[in-house]
Amino acid sequence: MPMDEDAVAAIYRDHGAALRRFARGAVGSDGQAEEIVQEAIVRVWRQAPETTVGLRAYLYRTVRNLIVDQHRQRARRPRTVPAEGDGGFDAAVDAERIDELLDRIVMEEALMRLTPEHRQALVAVHYRRLSVHEAALELGVPAGTVKSRCFYGLRALRAALDELGVER
């Protein structure tokens, strides 16, 4: 059973801008990105997922699938010359690049759900590859505090990723 129009409008209002940025990064055109996002929202409206837990991840997967479908569809057709300034859909765009972009967006979303202290410790140790001692000096806290923040931060990150619908 489809969702009501207010629910669909709320989904578009809450997630539309982020989905357009994601699609724009993959297809290179504002117009194509907007079409893809609108199609994704229509699919969500028609299919009406039972739960809103992981809705953002569901929306990103739907947009990703539409981009891949569009790419495959264009690969089967004879090549046309794109209009000036269109940007076109380049053959260099592949599913791996889209998956990497989606992973990065989902990870940023999960990191934003952590406390600033946990996020700073995880970024310093796991992303910037600082030692615990170097991170402690930079953050101005004891090394044991950095270890503790990393431990509890990873637990919170796993929980955030689960909420976003990321499967292990």
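From the N terminus on, the elements of the protein chain run α-α-α-α-α-α-α, and the secondary structure comes to 7 helices and 0 strands, where helices (H or I, at least four residues) and strands (E, at least two) are DSSP runs numbered from the N terminus. This is a predicted model, in which local features need pLDDT of at least 70 and side-chain atom pairs count only at pLDDT 80 or more, while totals for chains, interfaces and linings use all residues. Residues are numbered from 1 along each chain as its sequence is written, and side-chain values use heavy atoms, with hydrogens and water left out.

**The chain as a whole**

- Of the 168 residues of the protein chain, 35% count as buried; buried means under 20% relative accessible area, exposed means over 50%, and partly exposed lies in between (1.4 Å probe, protein chains only).
- The accessible surface of the protein chain comes to about 10800 Å², with 51% of it belonging to carbon and sulfur atoms; such areas come from the Shrake-Rupley method with a 1.4 Å probe, and for residues only the protein chains shown count as cover.
- Among contacts in the protein chain with a separation of 6 or more, 64% are accounted for by residues 24 or more positions apart, contact meaning heavy atoms within 4.5 Å.

**Helix 1 and helix 2**

- Helix 1 (residues 5–27) and helix 2 (residues 30–47) pack at an angle of about 140 degrees, and their axes are 8 Å apart; axes are lines fitted to C-alpha atoms, for helices over the stretch in contact, and angles run from 0 to 180 degrees between N-to-C directions.
- The two helices, helix 1 and helix 2, are therefore oblique to each other, given that angles under 35 degrees count as roughly parallel, over 145 as roughly antiparallel, 65 to 115 as roughly perpendicular and the rest as oblique.
- On the helix 1 side, the residues that meet helix 2 include Val-8, Ile-11, Tyr-12 and Gly-16, and their partners in helix 2 include Asp-30, Gln-32, Ala-33 and Trp-45.
- By class, the residues of the contact of helix 1 with helix 2 divide into 12 nonpolar, 2 polar and 4 charged, where Ala, Val, Leu, Ile, Met, Phe, Trp, Tyr, Cys and Pro count as nonpolar, Asp, Glu, Lys and Arg as charged, and the others, Gly among them, as polar.
- His-15 has its place in helix 1 and, at 15% relative accessibility, counts as buried; His-15 touches Leu-55, Arg-56 and Leu-59, not counting residues up to four places away in sequence.
- Gln-38 has its place in helix 2 and counts as partly exposed, at 41% relative accessibility; Gln-38 and Leu-19 are 19 residues apart in sequence and 9.7 Å apart in space, C-alpha to C-alpha.

**Helix 7 and its partners**

- Helix 5 and helix 7 (residues 143–163) pack at an angle of about 105 degrees with their axes 8 Å apart, and that makes helix 5 roughly perpendicular to helix 7.
- Among the residues of helix 5 in this contact are Glu-117, His-118 and Ala-121, while those of helix 7 include Val-146, Arg-149 and Cys-150; by class, the contact of helix 5 with helix 7 has 8 nonpolar, 3 polar and 2 charged residues.
- Helix 6 and helix 7 pack at an angle of about 100 degrees, again with a stated axis separation of 8 Å, and helix 6 and helix 7 are therefore roughly perpendicular to each other.
- Val-132, Ala-135, Ala-136 and Leu-139 of helix 6 make this contact with Ala-143, Val-146 and Lys-147 of helix 7, and by class the contact of helix 6 with helix 7 has 6 nonpolar, no polar and 1 charged residues.
- His-133 lies in helix 6 and, at 54% relative accessibility, counts as exposed; His-133 and Ala-143 are 10 residues apart in sequence and 5.6 Å apart in space, C-alpha to C-alpha.

**Two loop residues**

- Arg-113 is found in the loop between helix 4 (95–112) and helix 5, and counts as partly exposed at 40% relative accessibility.
- Arg-113 touches Ala-160, Glu-163 and Leu-164, not counting residues up to four places away in sequence, and Arg-113 and Ala-156 are 43 residues apart in sequence and 8.4 Å apart in space, C-alpha to C-alpha.
- Arg-129 is found in the loop between helix 5 (116–127) and helix 6 (132–139), and at 68% relative accessibility Arg-129 counts as exposed.
- Most residues other than glycine have a negative phi. Arg-129 has a positive phi of about 60 degrees although it is not a glycine.
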